[in-house]
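Q: I would like a careful, close look at a single part of the protein shown below. Please set that part in the context of the whole chain before turning to its details.

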Amino acid sequence: MNAFIAAVFAASVALTSAAENPLSGEWKIRNDIASNVSEMTCSFTQKGEELTGGCATEQGNVEIAGKVVETSVSWVFKSAYNGAPITLTYKGSLGTDGQLAGAVTVEEFNVTGDFTATPVKPAK
């Protein structure tokens, strides 16, 4: 009986953590900036309002840092473009469908586009 209670408790803790930190996991990000469409996969870790992780790019894995407040999500992504530093700032919201959507700004060029993000489902 004690093993059953422990298993139920462990499952409820895992479900609570997923509900409290819905952005933790892998996401497929699609950017559409000035008619340039690109995709990348990011791995996010959400701890309360703090969002950390990294995104796979042609330059390697790039770390992100951001914030989550209720359904509002923002993060900063610093990389390189044609050898020059580039900063992308993402601001969006988590929809009831479990996807992210919003605007992405390329700071150095003062250009804004759109992004969508879909969680990557683990293979069964």
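In what order do the elements of the protein chain run from the N terminus on, and how many bridges join strand E6 to strand E7?

A: This is a predicted model, in which local features need pLDDT of at least 70 and side-chain atom pairs count only at pLDDT 80 or more, while totals for chains, interfaces and linings use all residues. Residues are numbered from 1 along each chain as its sequence is written, and side-chain values use heavy atoms, with hydrogens and water left out.

From the N terminus on, the elements run α-β-β-β-β-β-β-β-β, that is, one helix and eight strands; helices (H or I, at least four residues) and strands (E, at least two) are DSSP runs, numbered from the N terminus. Of the 124 residues in the protein chain, 26% are buried, where buried means under 20% relative accessible area, exposed over 50%, and partly exposed in between (1.4 Å probe, protein chains only).

In the part in question, seven bridges join strand E6 (residues 84-94) to strand E7 (residues 100-106), and the two run antiparallel; strands are taken to pair if DSSP finds at least two bridges between them. Within this pairing, Thr-89 has Thr-105 in E7 as its bridge partner. E6 and E7 form a hairpin with five residues between them, and Gly-98 in the turn has a positive phi of about 85°.

On leaving E7, the chain makes a further hairpin, with four residues between E7 and E8, and here Asn-110 in the turn has a positive phi of about 50°. Seven bridges join E7 to strand E8 (residues 111-119), again in an antiparallel arrangement, and Gly-102 has Phe-115 in E8 as its bridge partner.

Because Cys-42 lies in strand E2 (residues 36-47) and Cys-55 in strand E3 (residues 50-57), the pair ties together parts that are 13 residues apart in sequence. The torsion about the S-S bond of Cys-42 and Cys-55 is about 105°, so the disulfide is right-handed, and both Cys-42 and Cys-55 are buried.

Note on methods: Disulfide = S-S within 2.5 Å.
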